Amino acid sequence: SLELLSLELPFANVRVTCSRGTYIRSLADDIGAELGCGASLQELRRITSGPFHLSRAITLEELEEAGRQGRLDHVRIPPHASLSHLVDLPLTDAGLAKVGHGRSPEWTEVAPLVPCANDVPQMARLSRNGELVAVAQLLPVFEGEMRIILKRVCI
């Protein structure tokens with residue numbers, strides 16, 4: 001969506017809600033070309049990206065202070081939680097061992113074994129005891145089963 005928030009010529013303030021891969025600078029250029037006057041960005045502020053929202057951000061000074069006080073765990077978002085928009089697949093012991101050696105686990109090495117109704121590729125978190133182990137791509141093989149392809153290993 002594109003919403004005009006204010007117009008004080010020669011400046012316009014707009015809110016854009018878009019998916020990843022949208023180039024806002026190009027959008028401004030396209031709008032200016034369509035209007036016949038040209039346009040560029042004076043300011044660009046990302047309010048939300050995936051599960052992150054600007055309202056939860058802290059300043060560098062607050063981060064430094066938390067570090068001095070030994071409270072970094074209170075202000076950081078754990079990797080597992082930062083990927084909460086991805087499906088979570090807990091690994092069995094065998095699956096964890098494979099990932100630890102850089103090999104993709106089999107679908108049967110996900111515990112508990114859950115059918116996946118999605119028939120399109122998707123990204124997933126592989127975890128053990130609530131901790132992020134790896135990020136993987138899931139590719140449909142046949143009904144309810146996916147092929148797991150490691151993308152990033154975190155252990």
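Trainee: Which element gives the most to the lining of the largest pocket?
Mentor: In this predicted model, helix H1 gives the most to that lining, with seven residues.

Trainee: And which elements each supply at least two residues there?
Mentor: Strand S1, strand S2 (11-16), H1 and strand S3 (48-49) each supply at least two residues of the lining of the largest pocket.

Trainee: What volume does the largest pocket have?
Mentor: The largest pocket has a volume of about 1900 Å³, and of the 47 residues that line it, Val 14, Val 16, Ile 24, Leu 41 and Leu 44 are the closest to its centre.

Trainee: Switching to the surface, which residues make the nonpolar patch?
Mentor: Leu 2, Leu 4, Leu 7, Leu 9, Val 14, Ile 31 and Leu 35 make a nonpolar surface patch of about 720 Å²; S1 (2-8) and H1 (24-35) each supply at least two of its residues, and S1 gives the most, with three.

Trainee: What about Val 133, buried or exposed?
Mentor: Val 133, which lies in strand S7 (residues 131-142), is buried, because its relative accessible area of 2% is under the 20% limit.

Trainee: Which residues is Val 133 in contact with?
Mentor: Leaving aside neighbours within four places in sequence, the contacts of Val 133 include Leu 91, Leu 96, Val 99 and Ile 155; the C-alpha atoms of Val 133 and Ile 155 are separated by 5.7 Å, although these residues are 22 residues apart along the chain.

Note on methods
Residues numbered from 1 in each chain as written. Predicted model: local features only at pLDDT ≥ 70, side-chain atom pairs only at ≥ 80, totals over all residues. Heavy atoms only, no water. Helix = DSSP H or I, 4+ residues; strand = E, 2+ residues; numbered from the N terminus. Buried < 20%, exposed > 50% of the residue type's maximum accessible area, 1.4 Å probe, protein only. Contact = heavy atoms within 4.5 Å. Patch = residues over 30% accessible without salt bridge, like charges linked within 9 Å, V, L, I, M, F, W, Y side chains within 5 Å. Areas by Shrake-Rupley, 256 points an atom, 1.4 Å probe, with all protein chains shown as cover. Salt bridge = Lys/Arg side-chain N within 4 Å of Asp/Glu carboxyl O. 1 Å grid on protein atoms, 1.4 Å probe; cavity = no way out; pocket = protein on both sides within 12 Å on 5 of 7 lines; lining within 4 Å. Points joined across faces, edges and corners; volume = space filled by probe spheres on them.
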